[in-house]
Amino acid sequence: MSIPRRTALAAGATAAAVTGALAGPAGRASAATSYAPGSWPATTVLPDADRHLLSRFSYGVTPALRDEVIAAGGGRAWFEAQVTAPHDAGDLTHLDWWPHLGDDAGQAWAADQSKVRAGWQLMEDYGRRVLVRRILTAHQVREVVTEVWENLLHVPTAADGVFTWRIPYGEQLRALALSSYDELLHAAVTHEAMTIFLSGYDSTKAHPNENLGRELLELFTVGVGSYTEDDVKSSARILTGFHIDMWTTFASSYRPQDHWTGPVQVMGFSHANADADGRQVVKDYLSYLARHELTAQRVARRLALAFVGDAPPSSLVDELAAVYLANDTRIVPVLRALVDSEEFAASTDAKLRTPAEDLVATYRLLGVTFGTPTVDESAANALIWQSSGMGQQPFTWPRPDGAPLTASAWASPSRVLAAMETHWAMAGGWWPSVDVTYRARTSWIPKSDMSFRDLVDHLSRLLHQRPSDASLLEGACLATGVAPDAAVNKTGVPSWLMPSVLATLLDHPRWYLR
Amino acid sequence: MNGCPEFARLDTLAVSRRNLLRGLTAGGIATAVGSAVITTSPASAAPAPSVLVVLSLRGAADGMSLVVPHSDPAYYKARPGIAVPKASLLAADAHFGLHPGLAPLLPMWRAGQVAAIHATGMKVPNRSHFEAMELVEDADPGSATRSGWLNRLVGLTSTGDPLQGLAVGSTPPTSLAGDTTVMSISDLSSAEVPGEDGRRASLEAMWRGDSTPMGRAMSATLAGVDKLAKAQAQADHASSYPDSDLGRALSSVARTLRADVGVQVVTVDQGEWDMHTELGTLSWGGMRSNAAELGKALAAFFNDLGTVRPKVTLVALSEFGRRVVENSSYGLDHGWGNVMFALGAGVRGGYYARWTPLLTTLDADLTVTTDYRDVLAEVIAVRMPGSSLARVFPSFARTPIGFMAGQTGWGRTATPVVAPPVKPAPAPVKPKKKKKKKKKRKHRKRKHKSRRKKKS
């Protein structure tokens with residue numbers, strides 16, 4: 001352990017108090033210490049309902065975002081502005097930090113072959129860029145919703161050859177994130193990245209490969225139990241013809257000579273499929289699937305799972321599915337219905353932050369500023385190893401079903417251990433340490449000689465976007481050995497204790513919830 | 001200990017309360033989680049009499065490449081590009097032989113410590129990775145409760161110590177999901193609470209009484225970290241393993257088991273077996289590298305166990321097998337039957353199979369003749385006698401196989417039950433012409449192990 005341990009020095013005066021509290025539930029009542037929370041109202045917080053909305057539709061409420069919401073006239077008005085803003089194709093935030101991100105497939109392949117930038121490195125760069133974007137972008141709702149689609153229509157970056165086409169795939173889903181599921185589904189299923197990942201490139205009329213045809217039904221649309229194995233075979237046949245020159249140029253083409261022709265039927269969809277160019281039957285087929293009631297249920301449930309709770313009420317899912325169908329699969333009307341629902345209002349703090357959300361929020365709320373990355377250890381590059389260490393490197397979930405969104409999947413001791421390490425390293429500003437600026441420790445203290453309780457309240461307002469409670473104050477006192485009423489100055493709460501205070505905010509249950 | 005559920009539960013709480021009181025007086029650590037109390041003290045770590053390690057080969061490993069049915073002519077007919085030549089097989093008998101990549105396992109094989117049980121799986125094919133994994137690991141068909149068979153197994157004798165069950169890897173598997181709280185680590189070095197000494201007390205106070213999944217995880221973490229300190233003190237022999245996630249995971253497991261801190265069940269996951277494309281041959285492709293990694297890692301693991309080796313049994317399985325006939329991408333699509341491996345304590349080595357002759361139709365599967373639970377249950381019956389199989393595998397009637405010591409079953413010498421082949425459908429496809437394939441470029445990820453935070 002390379003982190004300085006100073007508690008041994010500091011704890012001398014307070015050892016008795018710390019030992020007393022250690023005893024846990026039975027030994028808890030140390031009547032002498034009151035953990036009544038402090039109050040520092042000068043630090044503004046959003047109303048509870050707005051905090052809730054922002055906790056689900058942003059990657060963390062920074063003071064700047066808080067002010068933006070207030071200026072917009074409240075959370076709902078801010079949300080409306082976000083979902084109606086056109087896609088900003090010029091939002092190239094820090095694209096230039098990783099020079100190969102703009103390569104086309106042939107260039108990416110050439111860079112890999114010449115060892116200028118290997119495919120797996122390019123995919124790490126893509127993950128970095130997306131994490132940086134989540135941390136910095138002003139288009140928070142689009143980014144949050146993009147993550148939902150990029151996970152539902154998941155193409156793992158580590159799958160063979162995918163690196164050549166994976167970046168434009170993500171950009172296309174981002175551009176369409178607030179359009180319609182019909183458009184999203186068509187863009188995803190016919191995209192080269194998906195064609196490579198689910199073996200579509202080598203699915204021909206002689207040997208239809210069922211991989212994509214099956215996952216399309218199982219994961220992207222109607223779900224297991226609603227189709228037969230014959231439907232899967234037809235699904236695969238419909239999708240034949242999309243071709244990639246694998247391992248040569250990775251150029252993309254449609255090859256009518258590979259398309260299986262003849263009548264096809266999948267569930268309620270049937271088509272003569274007589275044309276050697278199957279792209280129209282693909283469009284019709286996907287259009288049918290996107291508008292299927294079971295697809296509506298799937299999309300509605302996925303959005304409710306992402307934004308409401310781990311076991312969304314079926315009443316809400318039904319309602320959202322109905323809105324989806326009534327609006328011809330358009331996304332924004334469904335999102336509006338979701339945020340305006342009673343179920344949403346009742347779901348405050350019901351979601352666990354995933355490890356990646358935790359990491360992004362840590363950067364945002366600790367006010368960490370990136371410099372242009374120059375070496376592997378630069379913060380903007382180290383992000384990818386931080387996320388991998390926490391168990392969730394973006395887009396690397398190995399299976400086509402996408403990373404899980406429920407608490408039970410992420411609430412494991414291994415996640416706890418990794419999160420504690422990241423929180424500690426960043427609360428102290430110890431790592432990453434290159435091309436990065438952390439806030440000065442003293443900058444977290446609004447007024448010298450304020451009480452420790454009030455400092456904790458101020459920090460709670462900044463990092464938890466709400467006033468502090470007794471549990472947080474007790475945690476901060478135990479972490480530091482400082483008494484609640486100690487004066488915050490060089491002798492009472494010296495600045496070298498700030499890492500412990502900040503880590504307490506990141507260790508608290510409120511931090512893990514959103 | 002394996003009586004009715006109520007008794008087990010009461011017993012858990014009673015033990016926990018005793019430990020809690022002891023913790024208060026002796027300076028141990030106690031943590032409340034909802035209504036239960038999880039507690040541990042290094043002194044109370046009782047060694048487990050036997051240990052079960054379950055290795056999941058994620059993505060559906062092709063069992064017919066790992067344990068090759070060379071006597072079935074359809075195997076070679078179905079796989080002109082990727083079949084393993086008979087002459088290359090290791091430890092071949094009249095019917096089966098091992099992939100050459102498994103060579104490091106030959107000493108154990110010859111010592112009769114490796115069993116390969118073929119044509120195993122679920123009774124009904126399920127070709128979805130996620131659904132199949134969920135079903136295999138839940139192993140309680142028809143139940144709506146998500147609870148894994150290993151979690152139920154640990155639950156039978158749970159003392160409230162989360163380290164009785166240990167998952168090694170980034171995400172704990174379904175088999176360990178459930179009511180009984182277990183420990184999970186990415187690797188052994190991560191098992192600590194970083195930071196100042198006061199952080200531990202702070203965490204305990206702030207999460208006290210939190211019964212959410214994250215609250216339970218926090219409590220298990222704090223308890224588990226204490227015990228794993230003893231494992232961290234064990235010698236690290238990682239250099240004898242492959243330099244891979246599997247190698248590192250099994251190395252962590254070996255150190256933990258050598259510490260003998262009461263771990264009964266361990267899960268390890270390894271991915272990257274979903275070879276729709278480029279499964280390849282003996283000279284290139286995914287199977288070549290994966291088989292070699294698997295063989296080396298398993299051999300290193302058993303060699304690294306030291307004095308606890310006589311109590312450790314490892315089972316390796318996948319969620320399902322792959323098709324008989326290769327596709328046009330030198331790969332195999334999702335199939336049904338597969339091989340399972342059992343290694344180590346109590347195993348009576350060799351090949352075990354009730355084989356249905358393979359067909360060469362495009363969608364032919366290896367027919368499952370042995371329920372995968374028969375394999376798991378036989379290991380438990382022998383290594384953890386007294387465990388209630390009815391609770392681990394509800395509504396399942398076990399058929400003994402005989403690959404574990406002392407078990408009498410259909411065994412390897414039983415007359416193969418050969419079902420008459422179903423009349424093959426007319427071959428829908430003419431034999432494809434060989435394409436010259438460019439050898440796959442491997443994008444092996446570099447590991448960044450040394451990126452730790454630095455001193456201020």
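Accessible areas come from the Shrake-Rupley method with a 1.4 Å probe, and for residues only the protein chains shown count as cover.

## Model and conventions

This is a predicted model, in which local features need pLDDT of at least 70, side-chain atom pairs count only at pLDDT 80 or more, and totals for chains, interfaces and linings use all residues. Residues are numbered from 1 along each chain as its sequence is written, chains are lettered from A and ligands numbered from 1 in the order in which they are written, and side-chain values use heavy atoms, leaving out hydrogens and water.

The model scores are ipTM 0.91 and pTM 0.78.

## Chain B overall

Chain B exposes about 17,500 Å². Carbon and sulfur atoms supply 57% of that area. Of its 456 residues, 61% count as buried. Buried means under 20% relative accessible area, exposed means over 50%, and partly exposed lies in between (1.4 Å probe, protein chains only). Chain B has twelve helices and 13 strands. These are DSSP runs numbered from the N terminus: helices are H or I with at least four residues, strands are E with at least two. A contact means heavy atoms within 4.5 Å. Among contacts in chain B between residues at least 6 apart in sequence, 74% join residues at least 24 apart.

pLDDT is the predictor's confidence in each residue, from 0 to 100. The mean for chain B is 81, and 79% of its residues reach 70 or more. Over residues 1–44 of chain B, pLDDT stays under 50. The model has 63 contacts beyond four places in sequence for that stretch. Residues 414–456 of chain B also have pLDDT below 50, with 80 contacts in the model beyond near neighbours in sequence.

## Nonpolar cores

A nonpolar core is a set of buried Ala, Val, Leu, Ile, Met, Phe, Trp, Tyr and Cys residues joined through side-chain atoms within 4.5 Å. The largest core has 253 residues. A:Trp149, A:Tyr181, A:Phe452, B:Leu257 and B:Phe301 touch the most other members. Beyond four places in sequence, A:Trp149 is in contact with A:Leu173, A:Ala177, A:Tyr181, A:Leu184, A:Val299, A:Leu303 and A:Ile331. A second, separate core has 39 residues, including B:Val54, B:Val136, B:Phe320 and B:Val375. In soluble globular proteins, nonpolar side chains tend to be buried together.

## Helix α23 of chain A

Helix α23 of chain A covers residues 452–463. Its twelve residues reach 16 Å from first C-alpha to last, close to the 16 Å expected at 1.5 Å a residue. The expected span is 1.5 Å times one less than the number of residues. Twelve of the twelve residues of α23(A) are buried.

Just after α23(A), A:Gln465 takes a positive phi of about 55°.

A:Gly492 sits in the loop between α24 (470–480) and α25 (498–507) of chain A. A:Gly492 and A:Phe452 are 40 residues apart in sequence and 8.7 Å apart in space, C-alpha to C-alpha. A:Gly492 is partly exposed, at 25% relative accessible area. Leaving aside neighbours within four places in sequence, A:Gly492 is in contact with A:Val482 and A:Ala487.

Helix α10 of chain B (residues 286–303) has 18 residues and reaches 26 Å from its first C-alpha to its last, close to the 26 Å expected. Of these 18 residues, 13 are buried, so α10(B) is largely enclosed by the rest of the structure.

B:Thr277 lies in the loop between β9 (265–270) and α10 of chain B. B:Thr277 counts as buried because its relative accessibility is 16%. Not counting residues up to four places away in sequence, B:Thr277 touches A:Ser199, A:Tyr201, B:Ser329, B:Tyr330 and B:Gly331.

## Backbone features

A cis peptide bond joins A:Trp431 and A:Pro432, with omega about 0°. A:Pro432 is in the loop between α22 (413–427) and β6 (436–437) of chain A.

A:Asn273 has a positive phi of about 50°, although it is not a glycine. A:Asn273 lies in the loop between β4 (269–271) and α14 (279–290) of chain A, and is buried at 2% relative accessibility. B:Ala119, also not a glycine, has a positive phi of about 60°. B:Ala119 is found in strand β6 (residues 114–121) of chain B and is buried, with a relative accessible area of 0%.
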